[in-house]
Amino acid sequence: MTARLHLGAPPLRVQRLQLADALALAPGDASPCDVLGAIAYGPPDSPGGLPTVNASVLCAGGAMADAWRASEHVASGTTGAVRWRCDGHWMFGAIDLDERIEQTGVAALAERAYRDLFAALAETGCTHLLRLWNYLPQINGDGGGMERYRQFNVGRHRAFVDAGQAAFEGAPAACALGIHRGALGIRFLAGRTAPVAIENPRQVSAYRYPTDYGPRAPSFSRAALADIGGGDVALFISGTASIVGHETVHAGRLLPQVQETLRNLAAVIAAAEAHTSARFDLAALDCVVYVRHASDAALVRQALQEALGSAAHTVMHAVYLEADICRQDLLVEIEAHSVARGALRA
Ligand code: 3EB
């Protein structure tokens, strides 16, 4: 793809919208459209044909989407299993792979998905991942002697190594959640320059987890910080849960898990702020809250309200989804993004 002449990249923008409004933005066949893609949280058969994250949306608000927008010079294409849109500077891609159709186990499925993903990055020149979202059916299920999440980690790791992508330091920000049914769904955002990878001093880096959690550690950083143009910096916070060191704390106890998760989110924000003049705020995030049990959503919402105030952006704009967390003893996980004025520190 030919790079366009720009003084720097056109700014990347994100908007959290009602799903219906996001569908109205969807690329038409004729008119130019600056939407790179969207992560849609809603029922699987959305009218616009935008594949959704296959998980129930809980609490008020209903179906939502995060739409990623850049310049209007968007090309679209497919590379293997990846459908992507790219304006030469920013790229959004989606993969939906059904293992019942592919007839492979989870490790091979993940390896294939990530092999195609890295091929798509190479094809567009947007070779640096900013953020990944992984949705794996039956994540805690047994995949023939090994948990399916652990198998996923094996295949993902193999693809990272084969593609020469950073599986340890410098790995992209990510989340990995379990959905009840459907295909392996992966969404990703990439750009032309590497983001700053952020770790959480309260936690062992996930890529250094001991083998108690599976033969291959998950390949992700706790957050990524990126200059997105227009004088803004974006903070992408990975799925964050009640883990200290490498161990789950408050196993099976919802509200202490929420408190610990908030401490981890605050620690990630503080670690990120060492690398930028931008200032982020735990109370001003666009977050997605994943709860293992749908009936816990209201309790988590109340806990966030008590911790951050009922008028906080984080509280007002949170999306709640029913999903399995990748460790059986975790009941809740929170991921987030936020954009603030500022620059990266050299
Ligand atoms: C954790 O801290 C919780 O496998 O890509 C969070 C974010 C988690 C990303 C992944 C897993 C992943 O280990 C789980």
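What follows is a short talk about the ligand, its pocket and a cavity.

Tutor: Happy to! This is a predicted model, so local features need pLDDT of at least 70 and side-chain atom pairs count only at pLDDT 80 or more, while totals for chains, interfaces and linings use all residues. Residues are numbered from 1 along each chain as its sequence is written, and side-chain values use heavy atoms, with hydrogens and water left out.

Student: How many residues surround the ligand?

Tutor: The closest are Tyr149, Arg156, Tyr209, Arg222 and Cys326. The residues of this shell divide into 9 nonpolar, 1 polar and 3 charged; here Ala, Val, Leu, Ile, Met, Phe, Trp, Tyr, Cys and Pro are nonpolar, Asp, Glu, Lys and Arg are charged, and the others, Gly among them, are polar. The number surrounding the ligand is 13.

Student: Which side chain has an N or O atom 2.5 Å from an oxygen atom of the ligand?

Tutor: Look for polar contacts, which here are pairs of N or O atoms within 3.5 Å. For the side chain of Arg222 the distance to a ligand oxygen is 2.9 Å, and for Tyr209 it is 2.7 Å. The side chain with the 2.5 Å distance belongs to Tyr149.

Student: What is the volume of the second largest pocket?

Tutor: On a 1 Å grid over the protein atoms alone, a pocket is an open set of points with protein on both sides within 12 Å along at least five of seven lines, and a cavity is a set where a 1.4 Å probe fits but cannot get out; lining residues have an atom within 4 Å of a point. The ligand sits in this pocket, meaning that more than half of its atoms lie within 2 Å of the grid points. A volume is the space filled by probe spheres set on the points, which are joined across faces, edges and corners, and here it is about 290 Å³.

Student: How many charged residues are in the lining of the largest cavity?

Tutor: The largest cavity holds about 40 Å³ of space. Its lining includes Leu262, Cys287 and Thr314. By class there are 8 nonpolar residues and 1 polar, and the charged ones number none.

Definitions and conventions: A residue is near a molecule or strand if one of its heavy atoms lies within 4 Å of it. A polar contact is a pair of N or O atoms within 3.5 Å; within protein, one must be able to donate a hydrogen and the other to accept it, and residues adjacent in sequence count only if both atoms are side-chain atoms.
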